[in-house]
Every structure is written in C-alpha cells, then in structure tokens.
Amino acid sequence: MSLSVSNLTVSYGKHVVLNELNIDSLQKGSFTALLGPNAAGKSTLFKSIAGLIGAHSGDIFLGSKSLRTCSKMERSRNVIYLPQSFYSSLALSVFESVLVSLKQHSGWRVKPSDVKQVAQVLELLNIGHLAEKDISELSGGQKQLVALARILVVEPNVILLDEPTSALDLHHQLSILTIIKKLTIERGFITVAALHDVNLAAKFCDQILLLDRGVIQTQGNAQDVLSMPLLGEAYKVETSLERGSTGQLYLDAKLFDDSIPDMA
C-alpha cells in the first residue's frame, strides 16, 4: 500500500493554489513532513487528498486505486484529515466524542470491544483522566489530543495532520510526535504532517516534502532536503545544516540581512 499524487491541480475560482503537483509513493509505516511557507497550499493539499475539496485535474492513488473514484464513505475510512484547530458543536464528553468517531466507521451498535478500544486510545495519549469531561471545558492543547484520539481509534490507511503540535508545549510536542511515529510504524499508517518546526521534522520524519509556489519543489530524506538551497529560498532565509553532539540534524536559519522585517 502506498499514497501518491499525480498532476494535481486545485483552484479557488481563478486562483490556482496547486499546479500539477506530484508526490512520489509514500509507503506504509512512513512518517513524512510537509514543509512550506504560510499560504503555500499545505491545507489545500490535505483537503484535496481527503476529498473535502474537489480538484480541477490530476489524481490521487492509494495503491493502484484512484481515491477520486471512491465513495465518500470509502474515502473517509481510508484517509483521515486532522485540521489545525479542532472544534465540536456537539455537547459530548471526551469519551463519547472518540466513540462516535469509531462508530461512524463501524456501525452504530456499541460493543464492549468498542468501549475497551476507546479507553486504550485515551490512555495511550495520557488523557484517560479527561474521559468524562465535556470537550468545551478543555484547553486548546487538550482538544488537539482528543482530535488525535478520534483518528487513532479508527486506524485508517492514511493520516493527514495539519500542525498537530501547534497548541502544545515542548514536552507534549515531543510526546505526541513520538507516539505518532511509533504507531505509524507499528500499525502501518501512511502519516503526513504539516509542520512549521523544521527541526521537529528532522527529528521524527523519514522524509520531507517541500511545497512552494503550488508544487512540490523537492521530496527526499531529511538530510538531503534540509541541506538544499531550495529550503531557504522557500522561506526567504539563509539556512545551514548542523549536527548536534548526539548526531541529530539541526537547521540554523537567519534573515538574509539580519534585519527585523516590517510586519505591518
């Protein structure tokens, strides 16, 4: 099983966001980082793969099967997209929210094994103590963990995460990405995460996609991509790739002229 994208073009009216974009095969058990500056089209790409927005042309394949020919239900079982912000308009507890996510894909009759599966996922993410809390009472970071639990309980083939660590402190960033990496390998997910922190991408991801100007500029392992001038050009900074005392890759970046930009 693999995920690939061929000549994908997506437009909003006359504005072309993705222009004949291609992604080479992403394999089961792989954790890929999607990098790119703000407004590069990362969320649009994820929504296109998940079938939430239509494409003007091109195709997306899971194995040899085109996702564009799948029913909405089949596509939603295979591909799950977690947006940057998770909101729920329903008055549900954390446990109920995750259970509803599971039953949407497996029929509505609740079995003892379903209850056990939800409890295991909550404990895995260290939020079992929040099970009876209403989602509206949670912090932003806790809501993000619940959203991740809603994905993991379903066990799809493809997981698309849009800034999964944006509302988390450093400890929880490392914890969540460690869990995602572990489960991706153990359960054979194809996981792609849009990340702003390139050093988190270097630490956890098998390979990197660089999206800029509507196309994937390059695709490869972290060391190769992070050492390319293309990366600095995309973010409009100067970059240099270093190694820490433990051998971990580290990307240092600075503005071209060390000046403070005008943010107005």
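A search of the whole structure finds zero disulfides, a disulfide being a pair of cysteine sulfur atoms within 2.5 Å. The model is predicted: local features need pLDDT of at least 70, side-chain atom pairs count only at pLDDT 80 or more, and totals for chains, interfaces and linings use all residues. Residues are numbered from 1 along each chain as its sequence is written, and side-chain values use heavy atoms, with hydrogens and water left out.

Select Cys-70, which counts as buried because its relative accessibility is 13%; buried means under 20% relative accessible area, exposed over 50%, and partly exposed in between, with a 1.4 Å probe and protein chains only. Cys-205, at 8%, is buried as well.

Next, display strand β1 (residues 2–12) and strand β2 (residues 15–27), which pair in the antiparallel sense over seven bridges. Strands are DSSP runs (E, at least two residues) and helices are DSSP runs (H or I, at least four), numbered from the N terminus; two strands pair if DSSP finds at least two bridges between them. Two residues separate β1 from β2 in this hairpin, and Gly-13 in the turn has a positive phi of about 65°. On its other pairing, β1 runs antiparallel to strand β4 (residues 57–62) over five bridges. Centre on Leu-3: its bridge partner in β2 is Leu-26, and Leu-62 stands opposite it in β4.

**The cores.** Now select Leu-35, Leu-122 and Leu-226, the residues with the most contacts inside the largest nonpolar core, which has 54 residues. Such a core is a set of buried Ala, Val, Leu, Ile, Met, Phe, Trp, Tyr and Cys residues joined through side-chain atoms within 4.5 Å. Helix α5 (residues 140–152) supplies the largest share of this core, seven residues. Apart from this core lies another, of 29 residues, including Leu-34, Leu-45, Cys-70 and Tyr-81. Return to Leu-122: not counting residues up to four places away in sequence, Leu-122 touches Val-94, Phe-95, Val-98, Ile-127, Gly-128, Ala-131 and Ala-149, where contact means heavy atoms within 4.5 Å.

**Helix α3.** Finally, show helix α3 (residues 94–103), which packs against α5 at an angle of about 30°, with the axes 8 Å apart. Axes are lines fitted to C-alpha atoms, for helices over the stretch in contact, and angles run from 0 to 180 degrees between N-to-C directions. Val-94, Ser-97, Val-98 and Ser-101 of α3 make the contact with Val-146, Ala-149 and Arg-150 of α5. Eight of the ten residues of α3 are buried, so α3 is largely enclosed by the rest of the structure. The cover over its buried residues includes α4 (112–124) and α5.
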